[in-house]
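Dear colleague,

Here is the structure I said I would hand over. My notes on it follow below.

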Amino acid sequence: MGQPANLKKQARERMARTGESYTTARKNILTGKPESPKAARAAQARDYAKEAREGKIGAKPKAPKPAPAPAPQDELPEYPAPEDVIQYDAALWHRVLVQAGVTNPLTSAPLSQALLAGLAGGIGFMVFTFEYAESTTATLVTRAHPEPYTQNLLARCGATINERTTGSAQKAAEYMDAALDAGRAVVVRVAFNALPWIDGNEVDEAETIDLVVVGDHEDDLLVDDGSGLLNVISPEDLAFARAKRKKEKHWQAWVPSTRSPEAETLAANALEAIEETTSRLLGTRELSGIPEHFAKNFGITGMHSFAARLRDTTTKTGWTRMFADPERLAGGMNQLSGFLTDTRFGGEGALRGLYADFLDEASGLPGLSALGEHSAGYVQLAQLWDEFADLVDPEVAVEDRSAMFERMAEAMDRIAEAEHHAASALAGTAQSLVSKTR
């Protein structure tokens with residue numbers, strides 16, 4: 001649909017008359033909603049830019065204050081606040097698709113976080129440790145890995161997705177403005193440590209994160225980073241954070257159409273995702289981009305390797321020797337605990353409960369009712385993973401570490417056995433369903 005000429009100018013003039021936010025004014029212009037006096041609302045409206053600059057007259061702050069989440073009736077009514085976030089990226093795209101009006105063809109409800117997470121690849125396992133001069137790291141990922149999680153989600157959700165990349169910061173800003181002027185939220189990828197409200201010393205410089213630009217206010221942009229609060233960022237600061245990720249070349253994505261996916265498409269894509277997930281866990285699929293000697297750290301094989309290293313009290317690769325220093329022990333266990341509770345690479349119940357919800361929801365798709373029989377196994381796995389997480393004590397005394405590692409190894413053995421049983425059974429059912437559709 002063609003956009004009114006000088007849309008931004010019209011929106012700002014309407015803001016001045018009605019007290020609406022820029023995004024609300026723009027949406028009302030696009031939908032032809034007539035103006036009405038809103039003096040009371042205007043008086044109560046939050047000035048995000050002023051809050052961000054408070055105490056910083058004449059200069060933009062290095063660390064902008066988060067803007068409080070606006071009242072739904074006053075600001076961005078079509079963009080939902082983050083609620084019940086279990087997996088960061090799936091929940092982010094759930095909100096973006098809600099704003100775009102894309103729905104589940106069977107229920108007319110939004111595509112859920114669980115369904116999107118399952119389509120993205122759902123669950124997995126990877127563990128790595130690295131010894132540095134002053135620390136020993138412990139990385140544990142229970143999200144689908146190493147497949148491209150977000151790209152799989154976008155390819156399989158069935159919605160119309162407009163993706164753009166460019167080496168030009170100017171063109172990137174123009175692409176983003178075009179999407180915002182169409183009344184759509186825009187997802188951009190940035191270097192996490194380059195965001196003004198993040199302590200760069202606490203974040204790996206290679207780490208990226210996707211943010212949603214939900215609108216602008218005067219000269220600043222409002223972004224959703226999943227915290228529940230809208231953050232204010234200048235276009236210059238956002239461009240800087242995007243430019244630091246040269247590999248992605250100012251990647252952005254948005255949903256230009258309300259067209260919902262076909263139920264049959266979602267069913268086929270769900271089976272494809274399940275085949276990928278189970279084969280990765282079972283070790284029957286080659287890991288793309290991963291050297292062969294690292295394969296032992298992935299999937300159920302990786303769980304067994306992890307348990308063995310936890311029990312190893314004598315060799316240099318065993319955890320007892322790797323974490324003999326009190327500072328390395330505390331740092332490594334804090335990191336491990338963080339991965340188990342983080343919503344980006346792990347999460348509640350290692351995301352197994354969310355995967356159970358995916359199977360339940362996918363079972364309602366055409367021809368996939370048998371998938372519902374497998375959700376109980378993943379509910380049980382979520383409980384086992386939560387029990388494992390409870391065993392990780394960042395304050396454990398050095399002399400007690402081997403005993404803690406042994407308890408963790410026993411729990412990991414139980415998890416590996418249950419994971420193998422659940423993945424094998426699910427893979428068998430998915431294969432039989434694929435055969436029926438051919």
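Helices (H or I, at least four residues) and strands (E, at least two) are DSSP runs, numbered from the N terminus. This is a predicted model, in which local features need pLDDT of at least 70 and side-chain atom pairs count only at pLDDT 80 or more, while totals for chains, interfaces and linings use all residues. Residues are numbered from 1 along each chain as its sequence is written, and side-chain values use heavy atoms, with hydrogens and water left out.

Arginine 401 belongs to helix 16 (residues 401-437). Arginine 401 is buried, meaning under 20% relative accessible area with a 1.4 Å probe, protein chains only. What the arginine 401 side chain does reach is the backbone oxygen of threonine 320, at 2.8 Å. Beyond neighbours within four places in sequence, arginine 401 is in contact with Thr320, Phe323, Ala324, Leu329 and Val396 (contact: heavy atoms within 4.5 Å).

Two backbone points follow.

- Histidine 145 and proline 146 are joined by a cis peptide bond, with omega about 10°. Proline 146 sits in the loop between strand 3 (136-143) and helix 7 (149-156).
- In the loop between helix 13 (326-341) and helix 14 (352-362) lies alanine 350, a residue other than glycine with a positive phi, near 55°. Alanine 350 counts as buried because its relative accessibility is 4%. Leucine 351 lies in the loop between helix 13 and helix 14, and its phi is also positive, near 70°. At 2% relative accessibility, leucine 351 counts as buried.

Regards

Key
Buried < 20%, exposed > 50% of the residue type's maximum accessible area, 1.4 Å probe, protein only. Lys, Arg positive; Asp, Glu negative; His and termini not counted. Salt bridge = Lys/Arg side-chain N within 4 Å of Asp/Glu carboxyl O. Polar contact = N/O pair within 3.5 Å; in protein donor to acceptor, adjacent residues only side chain to side chain.
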